[in-house]
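Here is a short briefing on side-chain contacts.

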Amino acid sequence: MLKWLIIIFFIASFQVYAQKRDLEVWNKNQVQVKPFDKIVIDAAEKIHYSTASNSIGVKYAEINVGHIPNRWLKYGLGYRLLDYNRGNGSWLTENRPMLFANLHHNLQNFVFNFANRIEYRTFKKADNNFRHRQAFSLYFPSMAKWGMTFYLSEETFMKLSPNDLHLARIYSGLRAIKSRRFDLDFYYALQKSRTTDVWNSLDILGLDFHFRI
């Protein structure tokens, strides 16, 4: 497992160096509990660390309550509280209630996930807006008994008023450990974000911890 982590880290690092784009390091820690049959609660915290400014650019906490009526569908409600570093010693706070529906399908040893989420983003000093987030993920067959597998993913974000595709990401990752109680993901992502008519690029290295109680 360590060998694969080192290989992916050096490939991603070389890509970042070759393109000379800004780099962020993301870390997410998530805990899931199942208080009732077919009901799950996920609580998470996440930070985005910018190597360009040597500071945290984004931090958030969230909670989601989902219903799983069958093995291919999960839907529910969520809430996220975010803080954006404005770079002048101040932070912009966003409140984000969310409605989500995720589809899941196994085909032989491949796993497909398709996620949709409607968000209402509210700010004290910026315009509120509705936004739709969609994501598609493909998990390849496991390569080890502890569940190690590669995955690919993409996600896009579109403001609904007016319609405005302003953010997109492509991920290539490794689920290094998958067990009944714990998952560990390591990934590289390329982000494209639009400001006015200009698309900006950003490289991301991420590490996610998922715990199930």
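Where is the place of Glu94? Glu94 falls in strand β5, residues 91–107; strands (E, at least two residues) are DSSP runs, numbered from the N terminus. This is a predicted model, in which local features need pLDDT of at least 70, side-chain atom pairs count only at pLDDT 80 or more, and totals for chains, interfaces and linings use all residues. Residues are numbered from 1 along each chain as its sequence is written, and side-chain values use heavy atoms, leaving out hydrogens and water.

**Around Glu94**
- Glu94 counts as buried because its relative accessibility is 0%; buried means under 20% relative accessible area, exposed over 50%, and partly exposed in between (1.4 Å probe, protein chains only).
- Not counting residues up to four places away in sequence, Glu94 touches residues including Arg80, Leu82 and Phe123 (contact means heavy atoms within 4.5 Å).

**Aromatic pairs**
- The whole structure holds seven aromatic pairs. Rings of Phe, Tyr and Trp (its six-membered ring) pair if their centres lie within 6.5 Å; planes under 30 degrees apart count as stacked, over 60 as edge-to-face and the rest as tilted.
- Phe182 and Phe211 have ring centres 5.1 Å apart and planes at 40 degrees, so this pair is tilted.
- Phe182 lies in strand β10 and Phe211 in strand β11, so the pair ties together parts 29 residues apart in sequence.
- Phe211 is partly exposed, at 38% relative accessible area.
- Ring pairs join Phe182, Phe209 and Phe211 into a cluster.

**Charges over rings**
- The charged end of Lys59 sits over the ring of Trp91, 4.6 Å from its centre. The criterion is NZ of Lys or CZ of Arg within 6 Å of the ring centre and within 35 degrees of the ring normal.
- Arg80 lies over the face of Tyr60, 4.1 Å from the ring centre.

Methods
Helix = DSSP H or I, 4+ residues; strand = E, 2+ residues; numbered from the N terminus.
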